[in-house]
Amino acid sequence: MGTVLITGGGTGIGRAAALLFVERGARVLLVGRRRERLEQAAAAARARAGAGGDVAWQEADMTRDEQVRAAVAATVARFGALDVLVNSAGSAPVWTPVHETSDETWERALDVNLTGAFRAMRAALPHLVASRGSIVNISSISALRASNAVASYSAAKAGLIALTRCVAAEYGWQGVRCNCIVPSWVDTPMTEGFLADDGIRADVARRHALQRVATPEEVARMIVFLAGDDAAFVTGGIHAVDGGMAAL
């Protein structure tokens with residue numbers, strides 16, 4: 001599976017992807033802001049490592065370009081190459097109507113959910129060109145379906161879809177693939193505050209054709225598929241992992 005850098009690798013979808021990559025023999029560097037979560041994720045991944053699998057971690061804030069570049073450099077220094085970038089880092093929506101959304105809220109949503117992924121791709125692309133590697137970005141159903149009071153988050157995640165397509169078009173001739181996953185509701189630390197309420201969970205589940213929310217592992221399986229050779233002719237795609245939510 002080569003060498004994989006996962007932003008937001010300490011929790012949720014990023015953590016689940018790390019476990020699966022390492023299990024399949026990949027060398028993985030986890031990036032995140034919280035040392036304790038990164039250490040825990042790395043320990044869990046090491047316990048499941050397949051032949052050749054290895055894992056390391058590095059603290060980095062995706063809003064700080066120098067830290068993002070340092071994480072990419074650390075991946076190449078430790079493992080000798082970079083084959084896959086997974087942009088899973090993100091922040092939860094701040095629930096405010098558009099007319100009450102401050103500049104700070106708007107800018108923070110874009111900085112973490114869109115510009116952070118841009119920074120990671122910008123730093124990683126020279127290495128991915130060298131390895132003819134791939135990128136998997138994690139957007140959200142909010143990019144495709146409007147709802148109340150999440151305009152800043154939705155705009156950022158929609159921007160990530162457009163950025164995915166631009167990178168796929170611009171770097172495909174150099175062998176780099178770039179795809180985007182669009183999950184709906186997933187059981188992660190980002191959503192646990194909402195889904196802990198049984199009534200809210202039931203209401204959310206009813207909005208899916210499969211009548212439930214996803215596990216992080218279910219999204220991770222799509223990440224690993226898109227990153228690997230089984231998806232060698234797949235690029236520029238927007239891939240729903242939404243339990244049929246968009247179909248309803």
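A disulfide here is a pair of cysteine sulfur atoms within 2.5 Å. Keep in mind that this is a predicted model.

With that cut-off, the count is zero disulfides. Take C166: the closest cysteine sulfur is in C178, and at 9.6 Å that is too far for a bond. For C180 the closest cysteine sulfur is again the one in C178, at 7.7 Å, so that is also too far for a bond.

Are these residues buried or exposed? C166 is partly exposed, at 46% relative accessibility. C180 is buried, with a relative accessible area of 0%.

Now the sheet. There is an open sheet of seven strands, paired in parallel, in the order β3-β2-β1-β4-β5-β6-β7. Which strands stand at the edges? They are β3, residues 54-59, and β7, residues 238-241; each has a single partner strand, so one side of each lacks a neighbour in the sheet. On average, and ignoring direction, neighbouring strands are turned by 20 degrees against each other.

The partner of β7 is β6, residues 177-183, and the two pair in the parallel sense over four bridges. C180 comes back here: it stands opposite I238 in β7.

Last, the helices. Helix α5, residues 151-171, packs on the sheet and touches β5, β6 and β7. The direction of α5 makes about 160 degrees with that of β6. Helix α4, residues 103-131, lies across β1, β4, β5 and β6, and α4 runs at about 175 degrees to β4, which covers residues 84-87.

That's it from me.

Methods. Residues are numbered from 1 along each chain as its sequence is written. This is a predicted model: local features need pLDDT of at least 70, side-chain atom pairs count only at pLDDT 80 or more; totals for chains, interfaces and linings use all residues. Side-chain values use heavy atoms; hydrogens and water are left out. Buried means under 20% relative accessible area, exposed over 50%, partly exposed in between (1.4 Å probe, protein chains only). Two strands pair if DSSP finds at least two bridges between them. Axes are lines fitted to C-alpha atoms, for helices over the stretch in contact, and angles run from 0 to 180 degrees between N-to-C directions. Contact means heavy atoms within 4.5 Å.
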